[in-house]
Amino acid sequence: MTTGKTGAPHDRVDGRAKVTGQARYAGEFTAPDLVHGFVVGSAIARGKIMRIDAAEALALPGVLQVYTHENTPRLAWRDRSWRDMVAPGGSPLRPLHDAEIQFSGQPVALVIAESFELAREAAGLVKVDYEAAPHETRLAEVEAEAHEPARGKKGYTPPPKPRGRADEALAAAPVRVEATYEHPPLHHNPMEPHATTVIVEADGSLTIHDKTQGVSNSRDYVCKVFGLASDQVRVVTPFVGGGFGSGLRPQYQLFLAVLAARELRRSVRVVLSRQQMFTIGYRPWTRQRVALGAERDGRLCALIHEAVGNTSRFEDYCENVVPWSGVLYECPNTRLEYGVAALDLYTPIDARAPGAVTGLWALESAIDELADALDIDPLALRLKNYAEEDQDHRRPFSSKALRDCYREGAARFGWHRRSLAARSMREGALQIGWGMATGIWEAQQAPSQAKALLTADGRLHVASASGEIGPGTYTIMSQIAAEQLGLPLAAVRFELGDTALPPAMIQGGSATASSVGSAVLAVCRALQHTLLKLAQALPDSPFGGRTLEDVEFVDRGLRLRSGVAPAVPIAAIMRHAGLGSIAEQATAIPDLARQSRYTSNAHSAVFVEVAVDEALGTVTVRRVVSAVAGGRILNPKTARSQILGGVVWGIGMALAEHSMLDHGLGRFVNHNLGEYHVPVHADVPAIDVVFVEERDDVVNPLGVKGLGEIGIVGVAAAIANAVFHATGRRIRELPITLDKLL
Ligand code: MOS
């Protein structure tokens, strides 16, 4: 048996359960009285429901009920009650609330039947008459009406104030580039569709299995909307089949399943179809203008970055698109602006590295354009403008090993062999291009709690209401705990995803390892403390007068660091104390007084080789090197998987993904995995992931920065830059499809 240690590439502790189908997802829990719901979505993008006729659906044997705005009870009145933990400013959707239609696919009815198939069949029989109003789903048409987003969204930081005089400096700059970059709306497309199973317990309380990244968020939302006490609702979500942000907010199936379960007093499951997955949030459609001014030697003298993203008409979804541009490069004159513009679509939602993916796509493309205008190597230009401190907040970085990412990534890639000019590398009919870009994401910590139970048989159970959307949370938390107590990994069980457990932050923002990891560390320290005190009471104890600094937990026991004696078994310590178990609970709170004196970010450097068929316009990504500075790496295997996933989505964003709107219908029309193109195995080359050494004792006690998002940031720009190097064609509108290259 291997001793659990951080830094070791352990396989996922939940891997076997996942590949053998034993891991249960929200739509797989069941109950003897379970019935099924299927959602009917609006056929128009804006207007009113004039009439709903469910008679034909209700006439089918086995159909129990059809809920519409006409028979749904009045629920919470204030917007506040409908606003979940991470909601943006505005008035959240209230499903089946009234006759008003605000977006195509908006739920207008929920059919409940004895089976899923019957519910789906009956949903097709519900007749809805609408009075359509004119809708607008084109960003260019509303861009001029962009406004500052209403405040409310957690984690949103309005752009910093201008520094210097960017517009004057740009006008006076010897070398200038200026361009507009655009990417379309992009859907998350997790393998697991959104689903909720509500089980009505004998006492009338609800156990809810919801596809969510935060069980507390779903629980609190249900309690506020339905006026329930928190002990009447328990949300249990041990596994999530991919979230990427789509599970940060409660989605409408949660509301609908709870509504039906409460009305019918029966257990209810509602699963969205793949098509309906295109009626919830998405990465917003964004247009950005970047203008850079530089001296002839490449030093930046002006940086302007303006972005407008789409939102809905009822909420102001916003993200940090432009602040990165103030922090990544040294520049005396910057102006950063961000606004949102409302379309008749559902509200966007965070998607892996929200804002940074968008902002860096534009910024890192523009830097490449500047390098070309200056005839300077793109990497050399970045190094010339490397920011040694955060100019916007006038504070140092807690750590920043980006220079090492550039160096190690370039060395692995062989960047020094790149020829400077575009269209200068060729292999027969193929144009070869090498491009690179920088990635950045914030390192954050949020308060979280954990509890632990150590039993005399040497087993440790640790638990926290965290989520696990796939990054390896079960595994790294088990590793942290095993290491702290000197136990084999197999002796530790980590439990999560249950509101009955101590509360933890929602799983998002790449902050789980930092936040929940710190709570696990804290609760294990509490156990260590108790064990040391008990060990000091042993006859002839070698630990008298010693502190935790003097001892270490190894081989299921405790020993002096300085000594050579074998460890005193934990079991012996507990036996002597007459204890069958020791329980502890701890909260890890970020040390804001210290953390706020620094800026903390994860960084990456991405190097890409593409081959473009000049006759066909097809782009193939042939090699990727991603060098990441993410603080301490708890598990190189799960860490690498995070970066691989990010790079793959980056390839998708650059070359394939595009949620297409039919503006006549105001609807996403390629709403399936046949027509929404994602990279398949053949589109993804070998990806070389490098973690550079980075020590940081400010970010959190573990020194980790989080890896869920950094892997995708910069990838789209690196690919677009490689395509430019291959072809001499600068594509500023994603995705880079062959029609744009021919
Ligand atoms: Mo992430 S977009 O915070 O799930």
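Is Phe-607 buried or exposed? The points below begin with this residue and then turn to other features of the predicted model.

1. Phe-607 has a relative accessibility of 0% and therefore counts as buried. Trp-415 is also classed as buried, because its relative accessibility is 4%, which falls under the 20% limit.

2. The whole structure contains 20 aromatic pairs. One of them joins Trp-415 and Phe-607 in an edge-to-face arrangement, with 5.5 Å between the centres and 65° between the planes. Trp-415 belongs to the loop between helix H12 (402–413) and strand E17 (425–427), while Phe-607 belongs to strand E26 (residues 601–613), so the pair ties together parts 192 residues apart in sequence.

3. Ring pairs also connect Trp-82, Tyr-221, Phe-226 and Phe-255 into a cluster. Among the residues lining the largest cavity are Trp-82 and Tyr-221, together with Arg-249, Tyr-252 and Tyr-346. This cavity holds about 100 Å³ of space, and its lining comprises 8 nonpolar, 1 polar and 3 charged residues.

4. By class, the lining of the second largest cavity has 6 nonpolar, 1 polar and 4 charged residues.

5. Two arginines lie over aromatic faces: Arg-403 over Tyr-386, at 4.1 Å from the ring centre, and Arg-623 over Trp-434, at 5.4 Å from the ring centre.

Note on methods
Residues numbered from 1 in each chain as written. Predicted model: local features only at pLDDT ≥ 70, side-chain atom pairs only at ≥ 80, totals over all residues. Heavy atoms only, no water. 1 Å grid on protein atoms, 1.4 Å probe; cavity = no way out; pocket = protein on both sides within 12 Å on 5 of 7 lines; lining within 4 Å. Points joined across faces, edges and corners; volume = space filled by probe spheres on them. Nonpolar A, V, L, I, M, F, W, Y, C, P; charged D, E, K, R; others polar. Phe/Tyr/Trp six-rings, centres within 6.5 Å; stacked < 30°, edge-to-face > 60°. Helix = DSSP H or I, 4+ residues; strand = E, 2+ residues; numbered from the N terminus. Buried < 20%, exposed > 50% of the residue type's maximum accessible area, 1.4 Å probe, protein only. Lys NZ or Arg CZ within 6 Å of the ring centre and 35° of its normal.
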